[in-house]
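Subject: Structure for you to look at

Hi,

Here is the structure I promised. Please open it and keep it beside this email as you read.

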Amino acid sequence: MVFTRFTFFSIFSALVFIFCSENIHAQYDYYDSNSVGGVIIDASGMVSQARPDEMKKLLSERKNAMTPVSEAFHGQTNSRSISLKKIDAELAACKKNGTDIPESILYLGGLTSVEYVFIYPETQDIVLVGPAEEWTVGTNGVIVGKNTGKPVMMLDDLATALRATQGSIRNVFSVSIDPTLEGIQQLRAYAQTIKNVTSTKKVSQEMTKRLGPQVVTLSGVPADSHFAGILVAADFRMKQISMGAEKSPVPGLPSFVSMMKKPTDSQDQPRWWLAPNYQNITRSKDGLAWNLSGGKVVALTETDYVDGNKIIHGTGKASPVYGEWAKKMTENYDALSVADPIFGQLRTCMDAAIVAAIITENNFLNVAPLNSILSEETYSTLKFNVPKNVPSTAVMAKKGNAILAVNGGVSINMWEIVKNAKTSSELSVKENIAPTENWWK
């Protein structure tokens, strides 16, 4: 079959499936393969998709290494309280006694989201409240709730967020995976030489070669952290689904390629990124109670284009079909969070980032120091190889004559969300909700 007109879509990004360093907690032994959604990153920082046999082995290892969930955390509850002060004390005791940190603490009692943050100056405590359930190993090795399939929050990600928000600079947590200017120029030069396409496979392979590796740029959090791996993983999966490189696990979300009805401007490059939408976040008059209920993740879009020897980002002139796909991504995000848990993990990381910003921006560490959570010496967070490059993968479509390189990523501006929180006269600290005997209630 011969195609005289063609569209090239570059797929790039990656998540992290990394070999762990030697200073990781013993209780994280089943993270020896360091999977964040099922993709491998080698020591040089190059990312690749895990093979089915590798994922099968990983799942088996994690299930075998996981300790039985205590009966206290069985079932499901709409409201579980977690005392950060008491967790901090538990971490200090584990360090002193040379014992492993219980998995119940590592998974914050099975919290799947944070709905409330309460500050108790009298007892020097910060309490997180949200739905919780018993946990298990889910798709791609992600730890999820046994009943809902939603990923549970990790202490590791909360600790990373808290540490990253210290200091005077208010950094945004973000990732961007983009082609190089040289790669785009080489790709387009090659495209000009194509007259007839007799083999889409051969042309796609050559285009992939000309475009070359994509560059991973992380900001705000340590590039070797589990939190950073989730940012990269979510970006990767979004682009895979959008370009049709992998079939969407949710029927309501088709690929962007299948939605295109006509050619687009050859200079256009769709830019999609994921961001938190917590516009309904509220705080009490005294600032000691915060309600995060109703927060969600949204997909946003605009276009980039190449102008001579530079890439112009964010033109604000997105083609309508780009916006249509972003809308479908947003509408189907909750379902995606269960079908492909990396999206649910991104949601828990956004909660963690906002909690960290609330604590830091309001100087609540003066109320509850949380020295152990903040100390790498007391509590060593997971360490991964740093993702640096992602190989390109070409997907040819039968319609259009545009050459597109997909840009974008994930951006979490938790500072702006906290700054814009509305004051509610109905919200106040609930005295009977704080844990007393245990670190949970």
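Start with two helices, α4 and α11. The crossing of α4 past α11 is right-handed.

Note that this is a predicted model.

Which residues of α4 meet α11? They are Asp157, Leu158, Ala161 and Leu162. On the α11 side, the partners are Cys349, Ala352, Ala353, Val355, Ala356 and Ile359. This contact has nine nonpolar residues, one charged residue and no polar ones.

Now turn to α7, residues 226-243. Its axis comes within 8 Å of the α4 axis, and the two cross at roughly 100 degrees. That angle is why α4 counts as roughly perpendicular to α7. From α4, Asp156, Asp157, Thr160 and Ala161 take part. They meet His226, Phe227 and Ile230 of α7.

Last, the whole chain. It has 13 helices and 22 strands. Of its 441 residues, 57% are buried. Take the contacts between residues at least 6 apart in sequence: 79% of them join residues at least 24 apart. The chain exposes about 18,400 Å², with 48% of that from carbon and sulfur atoms.

Best wishes

How values were computed: Residues numbered from 1 in each chain as written. Predicted model: local features only at pLDDT ≥ 70, side-chain atom pairs only at ≥ 80, totals over all residues. Heavy atoms only, no water. Helix = DSSP H or I, 4+ residues; strand = E, 2+ residues; numbered from the N terminus. Buried < 20%, exposed > 50% of the residue type's maximum accessible area, 1.4 Å probe, protein only. Contact = heavy atoms within 4.5 Å. Areas by Shrake-Rupley, 256 points an atom, 1.4 Å probe, with all protein chains shown as cover. Left-handed = near helix turned anticlockwise from the far one by under 90°. Nonpolar A, V, L, I, M, F, W, Y, C, P; charged D, E, K, R; others polar. Axes fitted to C-alpha atoms, helices over the stretch in contact; angles between N-to-C directions. Parallel < 35°, antiparallel > 145°, perpendicular 65-115°, else oblique.
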